[in-house]
Amino acid sequence: MQIAIEQLRYVVLGTRDPEAARRFAVAELGLQVANESADEIALRSDERQYSVVFAKDDARRQAVGLEVRDDAVLLAASAILESRGIALVRDPALASRRNVRALAAFTTHGGVRVELVVRPQHQAWRFFPARDTGITGLAAVSLRSTDVAADEMLFAEVFGMRIADWIGDAAYLGFDGAHHRLALHPASRAGVLAVEFGVEGINQVMQQFYRLRPEESEAIAHGPGRRPVSDQVFLTFRGPDEVLYAFVAEGRQVDPAAPPRPRQFADGPASHCSWGSECRVPELDGRAAAPARPSLRGVPRP
Amino acid sequence: MIHLRDVSYVRLGTRDLEGATRYATAILGLEISERSRGAVHFKSDQREHTLCYFEGDPADQVVAFEVDSRVELDAAGAELERLGHPVHRGTADEAALRKVRDFVAFRDPTGNRIELVWRPQMGARRYRGERDAGITGFSHVGLCTTDAVRDEAFWTTVCNARVSDRIGDAPLLRIDEIHHKIALFPTNRAGIQHINHQVETSDDVQRSFHFIREQGIPVVFGPGRHPTSSARFLYFEGPDGMVYEYSSGVRSIADELMYRERQFEFAPPGFCEWGAKPGIKEFKS
């Protein structure tokens, strides 16, 4: 049995400086503060009650929230993950903080923290951005993994995710009509590499580019460019706590019932941008210190 | 009224024909259609040539427009003479050099050298660029004007141009459905202010941005998007101070009766809706 993922739901980012994180999210991304407590700031980007949570915590504590249908699925997941040596831990206190019916969390072999949630809140009133960034919603999360082969296998086999494409050893994973919702990049430490928001179009991507003053500032990490894998126009820029943020637009849609075959692209910057933009993200241009070249899924390590 | 059918070619003098040729092919991505003594002709589309660099004074710049018939050419010459623009009737040799059947040359009120040509030659072979810049063809010129109001009147009353939009006093003029084939920019000299080639997609514009920069050639404006024509653009430096432009997605004006020109401000937002700031003298107040 496979555990079906309903939706990419949120990303949790630990932060050393919640005020700076909040300022960035509101001023730069145009997110709307949904909820603020002594130790957490939840921000909204679309019809979800929130899609980004800044936790006043260790900056390395990061997680991605995925929605599953109901409690039965959570139970089944527990058994399957256990058989693979991964503990799925139910956390009613965290469920209440996240405003969901049930929550269970686990950590992959590659170190990626995942929270599975049941019935997260949908917001009845429409999203009203703090700034006119043209955000349409949380689109994807790029993850660093210390064992991409194991994590790719886990997400594909247990959660039934579709391998959209590979660039070198990095895997792009999808589970709905979007080309991908998660990306796994080999790295020496696990966590969130980039949080990606969809925007209305190329105009918003380029407006953000000029807003960030490309001549004088180091804020832009990659782009503007177009991704050969997903055909998305993108701009990746730096946020607080060494997390990257991206605005993406356009991009290919996939019929989940008849997905195209995954393609293998070469490692290196050319596979990440067909416009030839400068890439300052070590994980994408082959400069990152991966622990060792991971074995590919289904190919035994030599 | 002189009916301009299309913009046809540009002729530019240069003291360094080899350098200009290298630029036009390796950077701009044009194809050499003919090398002759002291001149090189370049192809950018199905036409036999749309740009010619010749050994001479870089201030020697000409833009040519096609007219439909010899009758119209004769009438245009007579009309221009009547209005006080001295007209030079092209000789057979000069026409052959321009790959046209016949032409007349004159100066517009600012002093820009204009040629009206009849039956410019088409190429049998299709264009294939020296690099994959995605060029679909030579499309428009920016012309210098020392009096935008006077020159707008010349192009719209003596010729058939219509104002599509204005940025400050600078009119963008169409002679067919394309938003503009001529743009007049106020300055203190005569000459060609920029030369535009259309590229297939806005991806080509963006790709060229990185290519041009990597070649160490100054990008003077863009990548950006014009609020007037909705074209995605990139302006960069060429030989002898010329400015070249790539653009894609220029608006088409099909309904002549319903279209009304608009006024944009002569400031960066009037030139780019993405926030790029022009580094071009004539685009700055």
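This report walks through a predicted model with chains A and B, from overall shape down to single residues.

## Ground rules

Chains are lettered from A and ligands numbered from 1 in the order in which they are written, and residues are numbered from 1 along each chain as its sequence is written. Since this is a predicted model, local features need pLDDT of at least 70 and side-chain atom pairs count only at pLDDT 80 or more, while totals for chains, interfaces and linings use all residues.

## Chain A as a whole

Let's start with the overall picture. Chain A has five helices and 17 strands; helices (H or I, at least four residues) and strands (E, at least two) are DSSP runs, numbered from the N terminus. Its radius of gyration is 18 Å, close to the 19 Å that the globule rule gives for 302 residues, so chain A is as compact as a globular protein of that length. That radius is taken over C-alpha atoms, and the globule rule is 2.2 Å times the number of residues to the power 0.38. Along its principal axes, the C-alpha trace of chain A spans about 55 × 50 × 35 Å.

How much of chain A is tucked inside? Of its 302 residues, 49% are buried. Buried means that 20 or more other C-beta atoms lie within 10 Å of a residue's own; exposed means 12 or fewer, and partly exposed is in between, with C-beta atoms placed from the backbone.

## Two domains in each chain

Domain bounds here come from an automatic or database domain assignment. Chain A is split into domain 1 (7-118) and domain 2 (135-271), and their C-alpha centres lie 19 Å apart. Where they meet, 27 residues of domain 1 of chain A are in contact with 25 residues of domain 2 of chain A. On the domain 1 side, β1 (7-15), α1 (18-27), β5 (62-68) and α2 (71-83) of chain A give two or more residues each, with β1(A) giving the most, four residues. By class, that side has 13 nonpolar, nine polar and five charged residues. For these classes, Ala, Val, Leu, Ile, Met, Phe, Trp, Tyr, Cys and Pro count as nonpolar, Asp, Glu, Lys and Arg as charged, and the others, Gly among them, as polar.

Now for chain B, which is assigned domain 1 (6-118) and domain 2 (135-283). The C-alpha centres of those two domains lie 20 Å apart, and 26 residues of domain 1 of chain B are in contact with 29 residues of domain 2 of chain B. The largest share of the domain 1 side, five residues, comes from β1(B).

## Where the chains meet

The contact between the chains takes twelve residues from chain A and eleven residues from chain B. On the chain A side, α5 and β14 each supply at least two residues, and α5(A) has the largest share with six residues. That side divides into five nonpolar, five polar and two charged residues.

Helix α5 (residues 202-211) of chain A is mostly covered, with seven of its ten residues buried, including Ile202(A), Val205(A) and Phe209(A). What covers them includes β13 (191-199), β14 (220-226), β15 (232-238) and β16 (244-250) of chain A, together with α5 (202-214) of chain B. Just after α5(A), Arg213(A) takes a positive phi of about 50 degrees.

Over in chain B, the buried residues of α5(B) include Val205(B), Phe209(B) and Ile212(B). The buried residues of α5(B) pack against α5 and β14 of chain A, as well as β13 (192-199), β14 (219-225), β15 (232-237) and β16 (243-248) of chain B. Just after α5(B), Gly216(B) takes a positive phi of about 75 degrees.

## Inside and outside

The largest nonpolar core has 160 residues, and Val141(A) and Val205(A) are among those with the most contacts inside it. A nonpolar core is a set of buried Ala, Val, Leu, Ile, Met, Phe, Trp, Tyr and Cys residues joined through C-beta atoms within 7 Å.

Is Ser83(A) buried or exposed? Ser83(A), which lies in helix α2 of chain A, is exposed, with 9 other C-beta atoms within 10 Å.

Terms used: Contact = placed C-beta atoms within 7 Å.
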